[in-house]
Amino acid sequence: MKVKVGINGYGTIGKRVAWAVNKQDDMEIVGVTKTRPSYESSTALREGHPLYAAHAEDQENFDKAGVKTQGTLDDLLGKADVIVDCTPGGFGEKYRPIYEKAGVKCIFQGGEAHEMAGVSFNALANYHEAWGAPSVRVVSCNTTGLVRTLFPLQQAFGVQKVFASLVRRAADPADKKGGALNAVEPSLKLPTHHGPDVKTIMHGLDIQTMAVVTPTTLMHVHCIVAELKSTVTEKDVLDTWSSSPRVKLISGKDGVKNTGQIMELAKDLGRARGDLMDIAVWKDGVKVVGNTLYYYQAIHQESDVVPENVDCIRSMMKLEKDNLASIERTDKAIGLR
Ligand code: NAD
């Protein structure tokens with residue numbers, strides 16, 4: 001029998017997770033919530049997801065627009081084994097007791113605090129920590145990106161210390177809210193929260209981060225300096241990432257020099273929604289000096305956490321013991337391999 005999954009908050013992340021869950025053969029979407037009818041609720045219906053109103057008072061919005069729902073979040077909770085909370089950051093705290101009362105396991109996203117969920121998750125680095133857990137947080141797009149490339153380095157060579165500068169997109173492409181239209185804004189509270197967030201998964205890693213927000217919607221770019229515990233060559237590093245899941249080596253020499261070109265490549269590859277769920281690393285932007293590795297990577301913020309949510313469901317629901325087997329299964333089903 002397939003595990004029954006509900007999505008609370010069918011927005012940027014929620015609609016992608018719903019799509020990816022329904023591609024798997026061991027889990028299925030039993031419903032998604034929206035607060036009001038919109039093109040996204042039409043997308044949900046078109047993709048075959050039963051639609052629920054987030055709150056009882058939202059029901060009227062759907063009734064007025066003649067959009068049929070199957071009930072409210074409470075009804076969805078009665079049908080689901082696990083709920084993936086994809087509401088805007090900070091709402092999880094309000095919903096957690098509701099999920100608990102309904103006896104449904106819950107997954108939160110990176111906009112929530114680690115302490116709220118108790119376990120933070122990355123499929124490659126700490127799959128086992130979510131095993132059978134009642135609530136887990138899939139870390140943010142930036143933290144997912146940092147862990148995807150740093151964990152394989154730690155496994156292969158050991159990592160002494162990391163410093164990363166994050167060049168962040170101001171908003172998602174469909175957002176009206178977000179950063180300044182024509183200005184670059186540094187995060188003045190230093191070091192930024194991204195380093196401690198990586199440590200919720202790679203416990204004990206020595207990592208410091210800074211960040212600036214830039215007027216783009218396409219991707220984040222990380223400039224990373226990692227001091228390794230052994231002497232390596234650029235080839236050693238690239239070989240390690242070549243065999244790491246959800247890392248895609250790209251090349252400026254092939255004309256992929258910027259985030260716009262990466263997004264175009266994702267479309268050319270026929271990726272769903274034009275998403276790039278892997279972390280893009282410029283292979284000709286990798287340099288080793290002594291024990292110090294320098295590299296750049298780009299993060300598609302709207303999609304890199306999507307396969308992580310699928311693996312998180314597998315671990316929490318004890319569907320697959322081996323993380324690499326889960327990753328392979330997820331990725332094959334959604335066209336990453
Ligand atoms: P979003 O605004 O695109 O989607 C949120 C959805 O929740 C919308 O459909 C909205 O209608 C719905 N919603 C709003 N209030 C609600 C409520 N009270 N109850 C139920 N649903 C409600 O947001 P998003 O970008 O998908 O972010 C969701 C979570 O994922 C956040 O924690 C965010 O930090 C995290 N995240 C976002 C990104 C990103 O770049 N977009 C990347 C990784 C993680």
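This is a predicted model: local features need pLDDT of at least 70, side-chain atom pairs count only at pLDDT 80 or more; totals for chains, interfaces and linings use all residues.
**Stop one: Val67.** Select Val67 and you land in the loop between helix H3 (59-65) and helix H4 (73-77). Now show its surroundings. Leaving aside neighbours within four places in sequence, Val67 is in contact with Pro37, Leu45, Leu51 and Phe62.

**Stop two: H12 and H13.** Arg329 is a handy way in here, as one of the H13 residues that meet H12. Select residues 306-316 for H12 and 323-333 for H13. Their axes lie 10 Å apart, and the helices pack at an angle of about 130°, so the two are oblique to each other. Turn the view and you'll find that H12 passes H13 in a right-handed crossing.

Bring up the side chains next. From H12, pick Pro307, Val310, Asp311 and Arg314; what they meet in H13 is Ser326, Ile327, Arg329, Thr330 and Asp331. Colour this contact by class and you get four charged residues, three nonpolar and two polar.

**Stop three: the second largest pocket.** How much space lies in the second largest pocket? About 160 Å³. To see its lining, select Ala170 and Ala171, then Asp175, Lys176, Lys177, Gly178, Gly179, Ala180 and Leu181, and finally Pro215, Thr216 and Thr217. Keep the class colours on: this lining has five nonpolar, four polar and three charged residues.

Notes
Residues are numbered from 1 along each chain as its sequence is written. Side-chain values use heavy atoms; hydrogens and water are left out. Axes are lines fitted to C-alpha atoms, for helices over the stretch in contact, and angles run from 0 to 180 degrees between N-to-C directions. Helices (H or I, at least four residues) and strands (E, at least two) are DSSP runs, numbered from the N terminus. Angles under 35 degrees count as roughly parallel, over 145 as roughly antiparallel, 65 to 115 as roughly perpendicular and the rest as oblique. A crossing is left-handed if the near helix is turned anticlockwise from the far one by less than a right angle, and right-handed if clockwise. Contact means heavy atoms within 4.5 Å. Ala, Val, Leu, Ile, Met, Phe, Trp, Tyr, Cys and Pro count as nonpolar, Asp, Glu, Lys and Arg as charged, and the others, Gly among them, as polar. On a 1 Å grid over the protein atoms alone, a cavity is a set of points where a 1.4 Å probe fits but cannot get out, and a pocket is an open set with protein on both sides within 12 Å along at least five of seven lines; lining residues have an atom within 4 Å of a point. Grid points are joined across faces, edges and corners, and a volume is the space filled by probe spheres set on the points.
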